[in-house]
Amino acid sequence: MRPPLRLRRDRPPVEVSQRIQLEDIIARLRLHGRAVDEAFLRSVLEFAVEKHGDQKRRSGELFYHHPLYVAYLLADLGFDEMCVAVGLLHDVLEDTRVDRQELGTRFDEELAELVDGVTKIGRHEYVRRGDAQAETFRKLILASARDVRVIVVKLADRLHNMMTLEHLAEGSRRRIARETLEIYAPLAHRLGMSRVQGDLEDLAFYHLHRDEFRSLVAKIEERRRVGRGALDAIREELTGTLGAAGIEAEIGYRIKRPYSIYRKLKKRGIEIEQLYDYLAFRIITGGQADCYAALGLVHTHPAWRAVPGRFKDYIANPKPNGYRSLHTTVLNTDGRTFEVQIRTKDMDREAEEGIAAHWRYKAGRGGSGDDGTQEIRWLRQLVDWQKDVQDPRSFLSFLKIDLYPDEVYAFTPRGDVMSFPRGATPLDFAYKVHTEVGHHCQGARLNGKLVPLRTPLGNGDMVEILTNPSRHPSRDWLSFVVTSRAKSKIRHWLNTQQNEQAIEIGRRALERELGRFRLQVKGVEKQLETYVKEEGLGRLEELFARVGFGRVAARQVVGRVLTEEQMGSGSRSSFSQVVRKILPTGGPSPIEVRGHDDLMAFLAKCCSPLPGEAIVGYITRGRGVSVHSQDCPNVRNLLYHPEREIEVRWASPKDEVFPVSLEIETEDKPGMLARLTEVIAKNGGNIRQIGAETETGRGVILVVLEVRNRRQLQRLKQRLEAVSGVIGVDRKMSGGRAGNAG
């Protein structure tokens with residue numbers, strides 16, 4: 001077996017504790033009853049070793065040890081030898097000179113297609129990191145919908161990379177760990193692979209918040225040590241109670257994983273001593289009927305009392321990822337609260353391994369697998385709505401929204417059950433039924449009663465959608481729908497309508513501007529087509545749309561297109577003056593708008609980006625280009641308007657300072673404010689504004705200060721975090737409405 005979770009304060013929670021050999025992989029395949037062609041796997045490994053040659057990882061070990069461990073993880077999950085072969089070859093297209101054709105010729109097209117699906121899209125000089133990352137995930141989802149082994153290989157790859165993350169620089173470690181928490185761990189959750197999800201989360205937790213990880217693990221171990229006797233007593237009582245009723249069951253208990261506990265503590269704003277449901281007993285029965293019988297015995301036990309509102313029946317209503325179990329929380333006479341999970345052996349296996357538990361292949365070949373599984377349906381739904389999302393980063397934003405569901409279950413009038421994220425509305429329900437039902441939704445009834453479309457759905461609601469052919473989507477709908485499908489469908493409809501309007505507006509604007517020189521669009525069509533090619537556009541309509549949306553001024557286009565003879569003597573200089581009047585550049589700016597020297601740019605106040613940070617620009621209505629940090633909360637909303645995005649970059653360094661807001665959480669100690677202001681002053685920070693408040697032994701200090709760049713801010717944060725009594729230092733960014741931000 002691969003190394004289990006190790007709760008240690010001084011090392012990552014999951015480590016590579018052994019050197020994997022091909023024989024270990026073959027043994028795992030056979031343990032899971034998989035057919036094994038040793039000659040085939042050996043030839044695949046030899047090919048990988050040959051092509052990777054003397055490449056080494058940052059740890060100093062030969063590169064091919066990485067694909068060997070990835071293949072072992074896949075075999076341990078129970079996947080077939082084709083999936084294992086993809087694990088052995090998953091980096092050859094990306095990191096060697098092998099191309100897909102060579103791979104298909106050497107082995108077969110199925111293997112080549114799977115390896116290509118896992119391979120990242122290369123990042124060229126003219127492609128930003130965010131765009132390449134987003135396009136890679138879009139490609140991954142599309143390939144996984146055809147064959148889910150693609151995404152499973154990617155998860156195994158990321159898991160081993162996280163196990164060996166210690167050898168990278170701190171900045172890279174934090175970036176990869178954050179991406180793991182935001183995308184890969186939620187992907188594992190949606191595929192029902194809780195074991196992989198837990199390992200990814202705990203590893204990311206360790207690398208992002210090492211001190212908090214160490215402190216929390218120490219507290220968990222102490223509570224486990226002190227309460228071991230009481231836990232054993234509860235397990236014996238459960239065993240005796242079920243045995244007396246003739247129910248055969250396996251009973252165990254577990255402490256929830258560190259990141260799961262950390263997330264719950266943060267959400268509730270409490271300490272671990274105040275958390276009572278960190279402990280779970282698990283009852284594994286022989287059949288579904290025994291699950292409900294065991295639940296009744298737990299609830300009617302004379303020494304225990306069920307906690308109201310803490311019972312969930314995930315057998316009758318499985319989670320979207322297929323998870324099935326009964327959950328209840330009880331309180332014993334000692335005042336100890338604990339959770340009880342009741343499920344069958346099959347349910348337990350599926351809960352741990354997810355799609356890997358029931359993924360089956362015919363001997364020797366792959367296929368589409370069980371198309372009826374929740375996981376495959378979810379992937380296919382992603383493929384369905386992504387067709388309406390052209391911008392790759394908008395797709396990635398929608399994907400992140402879809403990866404964090406807190407489920408609500410609602411019913412159609414026919415009794416079909418549908419699951420939604422918490423906060424979903426009847427309009428989300430309508431779009432899940434069908435796109436046209438959503439587009440023409442006029443009203444809704446919840447449990448027979450007419451309600452506004454923005455009403456949140458509740459568990460068990462029966463939803464009836466009322467439609468009207470003359471009703472169409474409104475931009476206001478985007479403010480209250482929560483599902484990625486609804487948002488993408490509404491945005492696609494609005495963009496289509498807006499694009500048609502923008503084309504007409506842009507055409508008229510160019511006609512008016514050309515009219516000043518007694519010309520028409522048709523008369524300068526060839527010159528306009530040349531301009532279109534130079535700008536990398538496909539056709540004239542795209543140019544009209546850009547003018548209509550305000551991305552480029554009609555006068556700017558005419559100034560580029562017409563000759564001096566057509567415009568008349570001195571027209572170019574007068575044109576430039578007009579542009580400067582419309583879009584004044586003011587004094588020197590720290591921002592350059594690439595390809596548009598006349599566009600004014602300003603730093604958005606919601607995030608106050610600093611030199612050195614990744615930034616993104618959005619065209620505002622009449623105020624120039626608003627520049628945001630890529631980490632700004634408002635960027636997610638602005639991604640719904642890809643037509644407004646424009647490329648920006650930092651200009652040459654100048655002796656300027658920039659405002660930034662910090663929130664410093666501290667212990668409530670005398671003199672803390674004075675010590676912090678002294679550290680800020682010694683490290684070159686100039687305080688503009690400062691305030692403090694305290695409650696329940698904690699203090700929160702809000703400070704607005706001036707710094708020169710991101711490096712100075714990082715150094716300052718490190719100095720502040722080193723002050724005795726400081727719990728944490730966070731940069732504050734406003735999450736207001738996107739319209740106000742840009």
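Five bridges join strand 14 to strand 15, residues 625–629, and the two strands run antiparallel. That is where I will start today. Before going on, a word on the source: this is a predicted model, where local features need pLDDT of at least 70 and side-chain atom pairs count only at pLDDT 80 or more, while totals for chains, interfaces and linings use all residues. Residues are numbered from 1 along each chain as its sequence is written, and side-chain values use heavy atoms, with hydrogens and water left out.

Some terms for the strands. Helices (H or I, at least four residues) and strands (E, at least two) are DSSP runs, numbered from the N terminus. Two strands pair if DSSP finds at least two bridges between them.

Back to strand 14. In the pairing with strand 15, Ile-619 has Val-625 as its bridge partner. Strand 14 also pairs with strand 16, residues 645–646, again in the antiparallel sense, over two bridges. There, Gly-617 stands opposite Ile-646.

How much of strand 14 is buried? Five of its five residues, 615–619, are buried. By buried I mean under 20% relative accessible area; exposed is over 50%, and partly exposed is in between, with a 1.4 Å probe and protein chains only. In a regular strand the side chains alternate between the two faces of the sheet. For strand 14, Ile-615, Gly-617 and Ile-619 sit on one side, Val-616 and Tyr-618 on the other, and both faces are covered.

The phi of Ser-608 is near 45°, a positive value in a residue other than glycine. Ser-608 counts as buried because its relative accessibility is 16%.

Glu-613 makes a salt bridge with Arg-731, and their closest N and O atoms are 2.2 Å apart. Glu-613 lies in the loop between strand 13 and strand 14, and Arg-731 in strand 21, residues 726–731, so the pair ties together parts that are 118 residues apart in sequence. A salt bridge here is a side-chain nitrogen of Lys or Arg within 4 Å of a carboxyl oxygen of Asp or Glu. Are these two partners buried or exposed? Arg-731 is buried, at 18% relative accessible area, and Glu-613 is buried at 11%.

Now the other salt bridges. The structure holds 39 of them. One is between Arg-560 and Glu-535, with the closest N and O atoms 3.4 Å apart. Arg-560 is in helix 24, residues 554–561, and Glu-535 is in the loop between helix 22 and helix 23 (540–549), so this pair ties together parts 25 residues apart in sequence. Arg-560 is partly exposed, at 43% relative accessibility, and Glu-535 is partly exposed at 28%.

A further salt bridge sits within a helix. Arg-349 and Asp-346 meet through their side chains at 3.4 Å, N to O. Both lie in helix 15, residues 345–353, three residues apart, which is about one turn of the helix. Arg-349 counts as partly exposed because its relative accessibility is 34%. Asp-346 counts as partly exposed too, at 44%.

Next, a loop between helices. Where is Arg-518? Arg-518 lies in the loop between helix 21 (484–515) and helix 22 (525–534). Its phi is near 60°, a positive value in a residue other than glycine. Arg-518 is exposed, because its relative accessible area is 81%.

On the surface, Arg-710, Arg-711, Arg-715 and Arg-719 gather in a patch of positive charge. Patches are made of residues with over 30% relative accessible area and no salt bridge; like charges are joined within 9 Å, and nonpolar side chains (Val, Leu, Ile, Met, Phe, Trp, Tyr) within 5 Å. Arg-710 is found in helix 29, residues 710–721. At 34% relative accessibility, Arg-710 counts as partly exposed.

Last, a contrast in sequence and space. Leu-73 is in helix 3, residues 65–76, and counts as buried because its relative accessibility is 3%. Leu-73 and Val-196 are 123 residues apart in sequence, and their C-alpha atoms are 9.9 Å apart in space.

That is the tour; I will take questions.

Conventions. Areas by Shrake-Rupley, 256 points an atom, 1.4 Å probe, with all protein chains shown as cover. Lys, Arg positive; Asp, Glu negative; His and termini not counted. Charge placed at Lys NZ, Arg CZ, Asp CG, Glu CD.
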